[in-house]
Amino acid sequence: MTSKEHDDIADLRISYSLGGLKRSDLAEDPTAQFIQWFRDAQQAEILEPNAMSLATVNSEGKPSIRTVLLKGVREARFLFFTNYGSRKGEEIAGNPHVAVLFTWLPLQRQVSIRGSVHKLGHKESEHYFHSRPREHQIGAWASDQSHVIPDRQWLEQRERDYSQQFADQPVPLPHNWGGFVIEPVSFEFWQGRPNRLHDRFLYRLENGAWINERLSP
């Protein structure tokens with residue numbers, strides 16, 4: 001990258017001016033507030049509004065992050081599904097504390113959530129698994145997620161093998177695949193404002209009650 005190209009990146013900026021956020025705008029319950037903003041993102045036809053960046057930490061304290069899809073909000077619990085043998089699955093097994101971030105740039109909004117994670121029950125994981133397209137179910141068997149593989153052909157051959165193996169029957173739930181449940185301990189709602197003086201509100205759980213505080217941008 002040339003110095004000019006670097007300068008071009010440094011000069012990238014926009015002014016956020018779609019709206020503001022006041023305490024009176026916010027629901028008392030952060031999950032209700034999240035659902036309202038999520039519906040706004042759906043109505044704005046944002047691509048994959050349920051996409052969230054999931055941050056985990058390994059046994060050495062080194063973080064990693066990736067994008068996963070939110071697949072449900074039930075009684076203030078946030079659900080997603082994955083291969084339990086993946087890097088995120090193994091890191092969660094060693095450290096159940098995670099953070100997720102929803103970024104809805106067309107609305108100039110972000111929501112970050114911190115919490116702890118536990119596995120979803122087998123029956124609920126199985127129910128969701130069988131609601132997926134059959135091709136996706138086969139893909140869950142074919143993928144040894146996060147592990148090194150020799151090439152693309154190896155992966156596609158596994159897909160063909162499992163398609164043949166389960167050709168005349170329902171695809172069973174893999175033993176190493178299922179849901180995780182995030183139990184939030186904090187939410188932050190961020191609304192872009194001009195001059196980088198953004199509106200930020202933090203909900204934090206204290207003695208079983210949610211405390212709502214404004215943060216400096």
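This is a predicted model: local features need pLDDT of at least 70, side-chain atom pairs count only at pLDDT 80 or more; totals for chains, interfaces and linings use all residues.
Strand E7 (177–191) has several pairing partners. E6 (109–119) joins E7 through 11 bridges, and the two strands run antiparallel. In this pairing, arginine 114 stands opposite serine 186 in E7. E4 (77–83) also pairs with E7 in the antiparallel sense, over six bridges. Here phenylalanine 80 stands opposite phenylalanine 180 of E7. E8 (199–206) runs antiparallel to E7 too, and six bridges join them. Across that pairing, glutamate 188 stands opposite leucine 202 in E8. Of the 15 residues of E7, 13 are buried, so E7 is largely enclosed by the rest of the structure.

In soluble globular proteins, nonpolar side chains tend to be buried together. The largest nonpolar core of the model contains 29 residues. Phe34, Phe102 and Trp104 have the most contacts inside this core. Among the elements that give two or more residues to the core are helix H2 (30–43), strand E1 (51–57) and strand E5 (97–104). E4, E6, E7 and E8 also give two or more residues each. Residues up to four places away in sequence aside, tryptophan 104 touches Phe34, Trp37, Phe38, Ala41, Ile46, Pro49, Arg109 and Val111. A second core is separate and has 14 residues. Ala140, Trp141, Tyr162 and Phe166 are included in this second core.

Valine 171 sits in the loop between helix H6 (152–165) and E7. Its relative accessible area is 1%; residues under 20% count as buried, so valine 171 is buried. Which residues does valine 171 contact, leaving aside its neighbours within four places in sequence? They are Phe129, His130, Arg134, Gln137, Ile138, Trp141 and Phe166. Valine 171 and arginine 134 are 37 residues apart in sequence. In space, their C-alpha atoms are 7.5 Å apart.

The largest pocket has a volume of about 320 Å³. It is lined by 16 residues, and the closest to its centre are Phe81, Thr82, Arg132, Gln145 and Trp177. Strand E2 (63–69), strand E4 and helix H5 (134–142) each give two or more residues to the lining. By type, the lining divides into six nonpolar, seven polar and three charged residues.

Definitions and conventions: Residues are numbered from 1 along each chain as its sequence is written. Side-chain values use heavy atoms; hydrogens and water are left out. On a 1 Å grid over the protein atoms alone, a cavity is a set of points where a 1.4 Å probe fits but cannot get out, and a pocket is an open set with protein on both sides within 12 Å along at least five of seven lines; lining residues have an atom within 4 Å of a point. Grid points are joined across faces, edges and corners, and a volume is the space filled by probe spheres set on the points. Helices (H or I, at least four residues) and strands (E, at least two) are DSSP runs, numbered from the N terminus. Ala, Val, Leu, Ile, Met, Phe, Trp, Tyr, Cys and Pro count as nonpolar, Asp, Glu, Lys and Arg as charged, and the others, Gly among them, as polar. A nonpolar core is a set of buried Ala, Val, Leu, Ile, Met, Phe, Trp, Tyr and Cys residues joined through side-chain atoms within 4.5 Å. Buried means under 20% relative accessible area, exposed over 50%, partly exposed in between (1.4 Å probe, protein chains only). Contact means heavy atoms within 4.5 Å. Two strands pair if DSSP finds at least two bridges between them.
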